[in-house]
Structures are given as C-alpha cells and as structure tokens.
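Please look at the structure below before reading the notes.

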Amino acid sequence: MSLLFWLMKIVATTLGETLGDYIAQTLNLGYTIGLLVTLVFFLLVLAIQLTAEKHIPVFYWLVIIATTTLGTEISDFIDRTLRLGYTVGSLLLFSGLVLILMLWYKKFKNLKVYPITDRNKEIYYWIAILISNSLGTAFGDYLSDVVGLSYLNGAFVTAGIILIVVLLHYATKINHIILFWVAFIFTRPFGATFGDFLTKPVAKGGLDLGTLSASTVSLILMILLIILSHRNILRATVLNNNPE
C-alpha cells in the first residue's frame, strides 16, 4: 500500500469521526438513529462497490468513509446506549475482528487484501474493515475516557504505534499482512482522536472547531486526495499502454 493510501485512510477516519458525531450529537438524532442512517449509507455504497467491474477510487473510498462513520456510531451505541463502556466495547469488537479474520482464513486459506477479485472474499474484507474501524473508534475513546489521555496525546500514542509498524515493515520479516491489519486498526484511533481534538471543547483538550466545520474541511481534503488517486491510476494506465 502506498503512502497516499495511508494518508487517505487517516483523513477518511477523521472525517468518519467528525461526521458521525455531527449526525448523532450536533443534529441531536441520537446514536440509534445515527446508527441506522449510517448503516443505510454503508449498504448503499457497498452495493455500488461490489458491482463495480474494476477498482474505482471514489467508490472504494466512499465505502471506507461509510465504515468509519458507521464505526463511530457502533462504538458510541455500545458505550452510551447499551452502557457497556469502551473497555468492554473494545474487547467485543476485537473478538469480532479476530472471528471474521479466522473465518476468512478458513475459507480462503489466506488474508491477502490485494488484489481481491472474488466477491465473497470482498464481503469478508469489508466486514473486517467495518469491525476494525469500529474497534479503532472504541479504542481511541478508551485512551481518552478510560486511560485519561488528552485527545492530542492519544493521537501521539497511536501515531507512535503506526510508526513502529512502518519500521517493522521495512526492517523485519514479520508477515506483511499482519502488519497491514495492525496499521489499519491503529490509523482509525489516530484519526478518531485527532477528530475529537478538532471538535471537542477547549476545556476538554480540544480546539472546539465544531463537527460541521471539521467534517467540511476533512471532506474537501478527501475529495482532493480521491482526485489525485484517480489521476495516478489514469497515468499508470497510459504508461502501461504506451511502455515506450
């Protein structure tokens, strides 16, 4: 995966956090309605992605954004509506991720994420991503609400873990698929805690920019990155068709 992919993942997770909070909190729809709204959006864009004949960045990243937004609602629903707390929520979601990866491996004998051409395998992929993004949200909130780290310090902690994964990728022979999933999980709490840092009140360690403003900035940045991704694919296609 390229640097652009991971940058887009972080921006998408930040957008998912702020947009999820905007729907449930700023619009005052509540976590149950927020969960239903984001679930419908997720199923809609997932259906479009699954029917696409080739990789189209805008479709792929719409599903990523949908999983991060829905993941925010799932995590908050477990914590605040079911009142299970972020510790139990993180453990439940971690168990769910381990289970889906085990089922994936049992069926396909590998956990390779690229390329994925089998539709059944792609469904496992998106379920795993949805759970991992929900887990990342819960863990990010666990760092701030349970451990007591500020939102900025929580972002530094998760950024440090991501950096360690990058170093392990280049300096060791640890299975790259394992490192991918570790990085994928921890980019979510990094984006989530950074999103909270942007939106939460100053008294709670945030910048109090508001969920709408933070979501708008993240969305604009995401659109620019998707355009760049499309241009890179177009350029690669031209080069492949004209090797000389």
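Predicted model: local features only at pLDDT ≥ 70, side-chain atom pairs only at ≥ 80, totals over all residues.

Two packed helices are described by the angle between their axes and the distance between the axes.

**Helices H4 and H5**

- Helix H4 spans residues 85–108 and helix H5 spans residues 119–146.
- Their axes come within 8 Å and cross at roughly 160°.
- Because angles over 145 degrees count as roughly antiparallel, H4 is roughly antiparallel to H5.
- The crossing in which H4 passes H5 is left-handed.
- Sorted by class, the residues in the contact of H4 with H5 are 19 nonpolar, seven polar and four charged.

**Helices H3 and H5**

- The axes of H3 and H5 are 8 Å apart, and the two helices pack at an angle of about 45°.
- That angle makes H3 oblique to H5.
- H3 and H5 cross in a right-handed way.
- On the H3 side, the residues that meet H5 include Tyr60, Val63, Ile64, Thr67 and Asp76.
- On the H5 side, the residues that meet H3 include Tyr125, Trp126, Ile129, Asn133 and Asp141.
- By class, the contact of H3 with H5 has 10 nonpolar, eight polar and two charged residues.

**The largest nonpolar core**

- The largest nonpolar core has 54 residues.
- Trp61, Trp104, Trp126 and Trp181 are the residues with the most contacts inside this core.
- The elements that give two or more residues to the core are helix H1 (3–26), helix H2 (30–51), helix H3 (57–81), H4, H5, helix H6 (151–171), helix H7 (176–199) and helix H8 (211–241).
- H3 gives the largest share of this core, 10 residues.

**Two residues of H5**

- Trp126 is among the H5 residues that meet H3, and is also one of the residues with the most contacts inside the largest core.
- Not counting residues up to four places away in sequence, Trp126 touches Leu46, Gln49, Leu50, Tyr60, Val63, Ile64 and Thr67.
- Glu122 also lies in helix H5.
- Is Glu122 buried or exposed? Glu122 has a relative accessible area of 6%, and buried means under 20%, so Glu122 is buried.
- Glu122 touches Gln49, Leu50 and Ile116, again leaving out residues up to four places away in sequence.

Key
Residues numbered from 1 in each chain as written. Heavy atoms only, no water. Axes fitted to C-alpha atoms, helices over the stretch in contact; angles between N-to-C directions. Helix = DSSP H or I, 4+ residues; strand = E, 2+ residues; numbered from the N terminus. Parallel < 35°, antiparallel > 145°, perpendicular 65-115°, else oblique. Left-handed = near helix turned anticlockwise from the far one by under 90°. Nonpolar A, V, L, I, M, F, W, Y, C, P; charged D, E, K, R; others polar. Core = buried A, V, L, I, M, F, W, Y, C linked by side-chain atoms within 4.5 Å. Buried < 20%, exposed > 50% of the residue type's maximum accessible area, 1.4 Å probe, protein only. Contact = heavy atoms within 4.5 Å.
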